[in-house]
Amino acid sequence: MNLKSTTQVPVPGHDFRVLLSPTPRGARLARLLAVEWMRDHEVPYGVTEAATQLVAELATNAATHGRVAGRSFRLALLDREGVLRIEVTDTRGERLPRAQPASSEGESGRGLLLVEVLADRWGVELGPVPGKTVWAELDLPRP
């Protein structure tokens with residue numbers, strides 16, 4: 001039996017970080033864990049819906065385009081004074097994400113277009129070598 005485990009890195013405060021296998025199963029688990037974390041931290045519904053889609057897209061990209069056999073990708077959810085920051089770090093720093101024109105017949109190619117529409121801000125940070133982090137931010141409603 002080939003069991004893979006995930007490792008949650010304990011951090012102070014309300015942040016969440018987890019290492020996941022760069023597979024479709026790892027991307028799905030990233031989405032499920034993010035939903036649970038947002039539910040536990042009472043993230044508003046509209047933000048949760050957008051954040052869930054962002055996690056799904058970024059994790060799928062990490063598992064598809066950022067995959068290196070034997071190396072995990074990291075999902076981080078960061079609560080930053082009125083902003084939910086989603087970070088997905090993989091080990092393929094030489095493969096930067098870029099939006100591609102999607103054809104109406106294609107099954108892929110729309111992920112970064114969705115990220116662009118759903119996120120208030122997004123970008124890419126290089127490092128630590130050999131990796132990169134693709135991040136997206138959502139502004140939280142003020143009470």
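Is T48 buried or exposed? T48 is buried, as its relative accessible area is 12% (buried means under 20%, exposed over 50%, partly exposed in between, with a 1.4 Å probe and protein chains only).

A word on the basis: this is a predicted model, in which local features need pLDDT of at least 70 and side-chain atom pairs count only at pLDDT 80 or more, while totals for chains, interfaces and linings use all residues. Residues are numbered from 1 along each chain as its sequence is written, and side-chain values use heavy atoms, with hydrogens and water left out.

T48 sits in helix 2, residues 45-64 (helices are DSSP runs of H or I with at least four residues, strands are E runs of at least two, numbered from the N terminus). Its side chain comes to 3.1 Å from the backbone oxygen of V43. Setting aside residues up to four places away in sequence, T48 touches M38 and V43 (contact means heavy atoms within 4.5 Å).

Now to the core. The largest nonpolar core has 30 residues, and L75, L77 and I86 touch the most other members (such a core is a set of buried Ala, Val, Leu, Ile, Met, Phe, Trp, Tyr and Cys residues joined through side-chain atoms within 4.5 Å). Helix 2 gives the most to this core, with 9 residues. Beyond its neighbours within four places, L75 has contacts including F16, V55 and I86.

Finally, the peptide bond from G127 to P128 is cis, with omega near -10°, and another cis bond joins V129 and P130, with omega about 10°.

Technical notes. A polar contact is a pair of N or O atoms within 3.5 Å; within protein, one must be able to donate a hydrogen and the other to accept it, and residues adjacent in sequence count only if both atoms are side-chain atoms.
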